[in-house]
Every structure is written in C-alpha cells, then in structure tokens.
Amino acid sequence: MPLTRSRIGLRRKKSWPFRVLGRAVIEATAHPEAGSRLFDLLLLPMRSLILRQQPPDRRRIWDDALSLLTAMWTSMLRAWPTRRMGEVLHDVVATYSDTVPGGSPGFLVISPGKACNLRCPDCYANSATEMNALDYEVLSRIVQEAKEKWSIRFFTVTGGEPLFYRSKGKGVLDLCAENQDCMFLMYTNGFLINRKVAESMAEVGNITPAVSVEGMRERTDARRGQGAFDKVLAAIREMHRAGVPFGLSLTASSRNSDELLDDEFVDFFFRKQRAAYAWMFHYMPMGRNPDPDSMPTPEQRMRLWKRSWELMRERRIMVVDFWTEGTVSFGCISGGRPGGYFAIDWNGDISPCVFFPYAAANINDIYSSRGSLTDVLKTPLFRAVREWQEGYGYRQKDLTPETDWLRPCPIRDHYPDALEMIRRTGAWPTDSAPEGALESLEYQEKMSDYGRRLAETTRDIWCSCYLRNSSPKS
C-alpha cells in the first residue's frame, strides 16, 4: 500500500520540487527509461534558469548541487529498485523537505554493535570481537522517536559489522521490517551476505548495502585479509540475484587514494558490477592504530575532488565525498544541524559525527531519566558545533575566502577549533576516539599542521572556482 502523507504523519507542507521529485521516483521505479526522460525533461531545462538566478558566489555551489542530484537520480535508475522501494524513497525525499525549515536533523547514523568478523589494522571504529551492543528496545525507540519528533525517514546503520548485531533475538533486518516507512543504508564488509541474507534484504525491500572495498583485489585483500575481494564479489552476485540495490563504501588514505576512482576501478565496479553509488570517506586517525600520516595529503584530496566531480558531471555516477563536497551541504552537517545528523554508538554514546568521536550525552542515560532525543540538541557540545558551522558560512548571506567549504570538517580540517570545543564542553572520548589524543601534543600538532597545509592547497580553488565562479586551473 502506498505510504500516504497521513500514514507517515507529515505535518508541514512540502515544497513543490520535493513533491515533483518524490512522485517521479515512484514512476521511475516502474519505468526506468521513461523515468530518465522525465528527469531530463523536468530538471535540465530548469538548470540554466536556476543558475542564472544565483549570485556569482553561489552559482558554482548550485551547479554542484544540481550535478549531484542528476548523478543520484541516474544511480537510482541504474540500480532499478522495486516500486516498493520507490515508494519509500518518495517519502524519504518528501519528509526531508520538512526537516530543514523545521530546524531538525535530516537523518541519523546508528552503530548498534561493536562486534565485527574482521580486524582491519586501522579500523576507525576499533571494532573487534567485543559484544558491546545497544539493547534492541533502545534501538527501536531511537528510530520511532526520530520519526515522530523530526519526520526522519532515512537511517544509516554502521558498526562493527551491522549484520553481526543481535539483541533479544533480533537484528538489523528486523528493524527494517518493522519500519517499512523508512529507508536504511547499511555499511557492511559483505562477508555475511549469502543467498539467504540477500533474499531477506530483498523481502524487507527498504535497505541498500554499501559494501566496503579499498580499491581492487590487492589493496582490498591487504587491508581486509586474503580472499576479501572475492567474498565481496560473491556478496554482489547474491544481491544481483535477489534484486537488492547496492553501492560501495570507500576509505581513501595516503596509500590508496590514487587508485580509488581510477578508470580501472570505475569500469569494474560501476559498469561490470553495476554498483549504484559510492560513499567515500577519508581515513581519520581514530580507532585502532591512529596515524595522521595516513590521511590523504591535501594534494591527493584535491585530486579526489576533481575526479569525483568529473564522474558525476560527465558520467552521472554518484560519488559522495564528505570532505571534498562540502559545497553541496553548505559545510559540515554534524551536530544535529538542520537537515544534518548525529551519531549513536553501541554503548549509547552520542557524538556530533562518526568521525568526531567525543560524546555529548548517552542515550541510555537520557532514556533512564525520562528524556528524549531532543535533549541531545541542547547539549553544550552540539550547540558549540552548530555555532561553529554558522560562523563558517552556514546560513550566511555572503561567502568569503575564510569560509572555505572545500575544508568543511571542524575536527579534521580545523583541529584546534574542535579541540577547544571538546575541552570547553566536557565531552568525553567514545570507544572510537584515538587513545590519548587529548593529551598528545604530537597528535595535536600533526592534525593542526594538516589543516594549515590543506588551507594553503584549497584557498585558490575555493576563491577562483566558487567565489569568482571560474574554471579550475587543474
């Protein structure tokens, strides 16, 4: 049965672009070729009109946003989701338009369990065999509250390995089945996706796995263990067989960033394996064996920026890079910013972002004291993060060389600012935090130096491509 406005409890009026796009999503799932033509008919003629209406310092930013939207649409058609998933996507799109004017987050990231079947040498989450996990009733309550209070219909599930999570005999797929009006993106190593699991994912119909790879076979096996690449391909075959739309989860480091998104990689995974999308993360020195020198260098980061936009503009392949595509989101989206998100881990610790591993509160403590998710937004750390975002260009009328959204991350790109916020607000390290970082002068200096070198690298690109809206020189 279609998920109507009354069924999902929408309260605020949706803007017409979201209504049109939401309706087009449903129709496209039934008729992909017609859906592609419909999208071109609706958006492409509007593109030049939209861009002409923007001031010069916003024109390239809007062009980025429209290019991402085009790639997102094409990626969805490439995956060919079922009409049932199309109906869920319709309501995700529709309700997202309610979150921003309402001042509420647009999605949540939940890591329900720490346990993992792998032990990657530099895992950002420090996942291992420990069975730390959220109680299923708490997990379910988080999702229900987010729906009721903020109209959230999109949830990201990570870990540990999400498919390893069990509590009270239930797991992630049970959560999907119980929340058919929501869409779930699951980051997974793929090792546990066999035919039965793939068929179960297809049956619930509202989950898309992003399978982790480090590049091609040699890179993936080196980090994830011998045979990891073949296990990923086996999982992909089962998802194709069952009709489960999937994408990739990529971690760029100083070791592999030049291989990620090269022609061989793109041809293999997007053309031959038919991945619908990729979410790219940059290695963050946290969790197990943190090493600031393993972060992509500023020069590598800019090459990734250039390449990801080439793929989206020229080939309509959706590659979302949270650190080089801050222009699309108007900067950092952490800390429960309107339309943004925050993260909850297996211990219940609540942090502004998965990669900002310092907690402002604990969901178990909040619930035991009869509080709710809204209490999180009032915490000193979350307030400090949102104040920093607004001082860094978000909601500001005029952009400047100092509000550079090519380096939007407070903790990676502006480490001294993040360190000051953590200390001032009394936030505490989560399981994923780099051990001793708050006391280590060496760690702090390396992070601060990275930010300085990045600013020198991105400044000219930000000013020329965005503030003056000219073409990049490289």
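A salt bridge is defined here as a side-chain nitrogen of Lys or Arg within 4 Å of a carboxyl oxygen of Asp or Glu. The structure is a predicted model: local features need pLDDT of at least 70, side-chain atom pairs count only at pLDDT 80 or more, and totals for chains, interfaces and linings use all residues. Residues are numbered from 1 along each chain as its sequence is written, and side-chain values use heavy atoms, with hydrogens and water left out.

Side chains of opposite charge can pair when their charged atoms come close. Across the whole structure, 32 salt bridges are found. Asp-267 forms one with Arg-271, with the closest N and O atoms 2.5 Å apart. Both residues lie in helix α11 (residues 263-272). They are four residues apart, about one turn of the helix. Helices (H or I, at least four residues) and strands (E, at least two) are DSSP runs, numbered from the N terminus. Asp-267 also meets Lys-272 in a salt bridge, at 3.9 Å from N to O. Asp-267 is partly exposed at 23%. Arg-271 is exposed at 52%, and Lys-272 is partly exposed at 48%. Elsewhere, salt bridges that share partners join Asp-122, Glu-214, Arg-223, Arg-224 and Arg-255 into one network.

A salt bridge also joins the side chains of Asp-64 and Arg-313, at 2.5 Å from N to O. Asp-64 belongs to helix α4 (residues 56-79) and Arg-313 to helix α12 (residues 298-315), so the pair ties together parts 249 residues apart in sequence. Asp-64 is buried, at 0% relative accessibility. Arg-313 is partly exposed, at 30%.

Aromatic rings were examined next. Rings of Phe, Tyr and Trp (its six-membered ring) pair if their centres lie within 6.5 Å; planes under 30 degrees apart count as stacked, over 60 as edge-to-face and the rest as tilted. The count comes to 23 aromatic pairs. In one of them, the ring centres of Tyr-124 and Phe-355 are 5.2 Å apart and the planes meet at 40 degrees, so the pair is tilted. This pair links distant parts of the chain, 231 residues apart. Tyr-124 is in the loop between β1 and α6 (136-150), and Phe-355 in the loop between β9 and β10. Tyr-124 is partly exposed at 24%, whereas Phe-355 is buried at 10%. Phe-322 and Trp-323 form an edge-to-face pair, 6.3 Å centre to centre with 75 degrees between the planes. Phe-322 is partly exposed at 32%; Trp-323 is buried at 5%. Ring pairs link these residues into a cluster of Tyr-124, Tyr-187, Tyr-277, Trp-279, Phe-281, Phe-322, Trp-323 and Phe-355.

Charges also sit over rings, a term requiring NZ of Lys or CZ of Arg within 6 Å of the ring centre and within 35 degrees of the ring normal. Arg-412 lies over the face of Trp-323, at 4.5 Å from the ring centre. The charged end of Arg-60 sits over the ring of Tyr-466, 5.0 Å from its centre.

Helix α16 (residues 415-425) has the buried residues Tyr-415, Ala-418, Leu-419, Met-421, Ile-422 and Thr-425. Seen down the axis, they fall within an arc of 160 degrees, so they line one face of α16. The arc is that of the directions from the helix axis to the C-beta atoms. Exposed Arg-423 and Arg-424 are on the face turned away from the buried side. The buried residues of α16 pack against β10 (358-359), α15 (380-391) and α17 (441-467), with contact meaning heavy atoms within 4.5 Å. Just after α16, Gly-426 takes a positive phi of about 75 degrees.

Some individual positions complete the description. Ser-351 lies in strand β9 (residues 349-351) and is buried at 6%. The Ser-351 side chain reaches the backbone oxygen of Cys-353 at 3.1 Å. Leaving aside neighbours within four places in sequence, contacts of Ser-351 include Phe-342, Phe-356 and Phe-382. Thr-220, in helix α9 (residues 217-224), is buried at 0%. Gly-106 occupies the loop between α5 (83-99) and β1 (108-110) and is buried at 5%.

Key:
Buried means under 20% relative accessible area, exposed over 50%, partly exposed in between (1.4 Å probe, protein chains only). A polar contact is a pair of N or O atoms within 3.5 Å; within protein, one must be able to donate a hydrogen and the other to accept it, and residues adjacent in sequence count only if both atoms are side-chain atoms.
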